[in-house]
Amino acid sequence: MSIYKDFNEIEMDLTECKDIPLTKNEVQKIRNRALKQLPKKRRNIGRSVAAVAILAIGLITFNHQSIANMPLIAGLLESWNHPNEVDWEPYKNPIGQTMTTEFGDLTLNEIIVDYDKVLISSTLELAKGSTFSYRHQLSPTIKINGQTVEVRGGNAQSIKQNNGMYLIYNEVRLASPVEGDIMAIQLSYDRMFTPSGEHPLGKLVSEPWNFEVTASQLAVQQQTIIKELGQHVAFPNGQSIVIDRIVTTPISTTVYFSSSTPDEFVNIALVNEDGTVFTLQSGQMDDNGKGIINFSGTSFVDQSVYIQLYDYDQPISERIFITDMQQ
């Protein structure tokens, strides 16, 4: 029997409890305390922050049915890959579906479709005898409106909550943007990456977890700005790139570039008009020098974009104006 089903039977008298929402500062303090308790783990190029969030701490606009179907502790997407103060709540699709296999229960918590990325949060409750660790990652096959989408890359992380529960996060980068505002999404968690690395494309799961959900990206689309640039930028260290385009949404900014030195990744930060520096969360570069750098939780809607070259965490160039992201 699931612990969550047991908790549903508990009777409590809440008449003497006063329902007062937490302030943003209080929520941030709880997140900061959670961050200090969790190990950091590198993935791909860049940095990420993962944290646990308790569903009750925020004024969350989930529908009641979705909340009822989620585990008591669920990984909110912004707690994983959201270093900056951008409100993701209006852009999330709360799901709350659970599929059960011999390996355990997998609950699909939330989905965000962000231009050419699909962000997914889920919670895995292991069945007795199943082997899993933070070094295992689940990877879903995705179909949108009945078509298997081409995947360019992505990030994944598993965060242990206790001996039998893990938060599962996935960021899947698609080869092209998702068309349409409302879409039917089929997710099949059919591959597992293991610590041994024996299966570089992931080991096939004998009994995959399959979900069919409907998601909207309308709120993201309405505030997405795309600038095709083709702008050449030279840096003092001899590196140079061509910024092919910049896409900023209400929850992220992505730089698409071509590099003159494909064997050396270009570590750039974004800077706004006020001088605030935003460091990358993930990046990828192909052998031909084509690459992307993603700044999660960083929106430049109606702002000017500057870039600055970094060597690890130290700037080695002045900030360079690129463009204004006006709607």
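Biologist: What is the order of the open sheet of five strands, and by what average angle are its neighbouring strands turned?

Modeller: The pairing in this open sheet is antiparallel, with the order 12-13-14-18-17. Its edges are strand 12 (225-234) and strand 17 (282-285), each of which pairs on one side only. With direction ignored, neighbouring strands are turned against each other on average by 15 degrees.

Biologist: Which residue of strand 18 is the bridge partner of F257?

Modeller: Strand 13 (residues 240-248) and strand 14 (residues 252-259) pair in the antiparallel sense over seven bridges, and a hairpin of three residues joins them. In that pairing I241 stands opposite S259, while I243 stands opposite F257. Strand 14 also runs antiparallel to strand 18, to which seven bridges join it, and there the bridge partner of F257 is G291.

Biologist: Is strand 14 largely enclosed or open, and how many of its residues are buried?

Modeller: On one side S252, T254, Y256 and S258 are buried, and on the other T253, V255, F257 and S259 are buried, so that both faces are covered. Strand 14 is therefore largely enclosed by the rest of the structure, the number of its buried residues being eight of the eight.

Biologist: Is T298 buried or exposed, and what is its relative accessible area?

Modeller: T298 is found in the loop between strand 18 (290-296) and strand 19 (303-311). Its C-alpha atom is separated by 8.2 Å from that of T248, which is 50 residues apart from T298 along the chain. Because burial requires a value under 20%, T298 counts as buried, with a relative accessible area of 1%.

Biologist: What pLDDT does the chain average, and where does the pLDDT stay under 50?

Modeller: The chain averages a pLDDT of 80, and 76% of the residues score at least 70. Over residues 1-21 the pLDDT is below 50, and this stretch has 10 contacts beyond near neighbours in sequence. Where pLDDT is low, the predicted coordinates should not be read in detail. The pLDDT also stays under 50, with four contacts beyond four places in sequence, over residues 23-29.

Technical notes:
Residues are numbered from 1 along each chain as its sequence is written. This is a predicted model: local features need pLDDT of at least 70, side-chain atom pairs count only at pLDDT 80 or more; totals for chains, interfaces and linings use all residues. Side-chain values use heavy atoms; hydrogens and water are left out. Two strands pair if DSSP finds at least two bridges between them. Helices (H or I, at least four residues) and strands (E, at least two) are DSSP runs, numbered from the N terminus. Axes are lines fitted to C-alpha atoms, for helices over the stretch in contact, and angles run from 0 to 180 degrees between N-to-C directions. pLDDT is the predictor's confidence in each residue, from 0 to 100. Contact means heavy atoms within 4.5 Å. Buried means under 20% relative accessible area, exposed over 50%, partly exposed in between (1.4 Å probe, protein chains only).
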